[in-house]
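Visitor: I'd like a close look at a single spot in this protein. Could you walk me through one residue and its surroundings, then step back to the rest?

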Amino acid sequence: MSKTRPPIPIMSEDQERFMAFEGLVQWTAATVEQGERIARATRAMHAAFNLEDTSQRLRLCAAQLRTEHHYFAICANKVLEHRSWLEQLNICGDLDLSEFDAFPVRDVRDLRNMREHVADYFKGRGRDAERWRIDTPEFSADASSCAGTVIGGRLDWSAFARAAERVLPSLLRCAVRVHKIP
């Protein structure tokens, strides 16, 4: 007997359409907010650094910024997951989501996964250890780093947040058609 069984849907087609679409709205809005959180955390860290703050505040500001970067990677990954789901369901086919084309799904997914399992990578047990570090003629980075606005050498949080900000109004307008609101 096979251990795999065919998938059994847990919701109706209308419910799935709702979840896919509202998930994209949710994560796109979260990405915009998360970009603002990174900007605030960056300003706080720079302020503490410029004050030559020797207290724990600088340390905690840096920790907060790393946390916000991780949350951003999660949000960006969820945006791309829900975009794919929406496309599979052929919902709002005329909706222009090309803003996200500049962000390779594999890079964003790798970044999210690697940051989620950072302890495994640091211990030498990461699943995709050969992709942990990115070396190019312009820079070298690993998935735990952030240089300027680029997290882990893979994801420019500022550019992704701006793309999400541009897409969100279209998503909100499209909701009327998806949910059949009169």
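Guide: Let's start with Asp-110: leaving aside its neighbours within four places in sequence, Asp-110 is in contact (heavy atoms within 4.5 Å) with Arg-131 and Arg-154. This is a predicted model, where local features need pLDDT of at least 70 and side-chain atom pairs count only at pLDDT 80 or more, while totals for chains, interfaces and linings use all residues. Residues are numbered from 1 along each chain as its sequence is written, and side-chain values use heavy atoms, with hydrogens and water left out.

With Arg-131, the side chain of Asp-110 makes a side-chain to side-chain polar contact at 2.6 Å. That term means a pair of N or O atoms within 3.5 Å; within protein, one must be able to donate a hydrogen and the other to accept it, and residues adjacent in sequence count only if both atoms are side-chain atoms. Asp-110 sits in helix 3, residues 105–116. Helices (H or I, at least four residues) and strands (E, at least two) are DSSP runs, numbered from the N terminus. Asp-110 counts as buried because its relative accessibility is 6%; buried means under 20% relative accessible area, exposed over 50%, and partly exposed in between, with a 1.4 Å probe and protein chains only.

Now over to Gln-34, which belongs to helix 1. Gln-34 has a relative accessible area of 6%, so this residue is buried. Its side chain and that of Glu-68 are joined by a polar contact of 2.4 Å. Once neighbours within four places in sequence are set aside, Gln-34 touches Glu-68, Tyr-71, Phe-72 and Cys-75.

How do the helices themselves pack? Helix 1 (residues 13–50) and helix 2 (residues 56–88) meet at an angle of about 160°, their axes 8 Å apart. Axes here are lines fitted to C-alpha atoms, for helices over the stretch in contact, and angles run from 0 to 180 degrees between N-to-C directions. That makes helix 1 roughly antiparallel to helix 2, a label for angles over 145 degrees.

Stepping back, the protein chain has five helices and five strands, in the order α-α-α-α-β-β-β-β-β-α along the sequence. Its C-alpha atoms fill a box of roughly 60 × 50 × 35 Å along the principal axes. Of the 182 residues in the protein chain, 38% are buried. Among contacts in the protein chain with a separation of 6 or more, 67% come from residues 24 or more positions apart.

Methods
Parallel < 35°, antiparallel > 145°, perpendicular 65-115°, else oblique.
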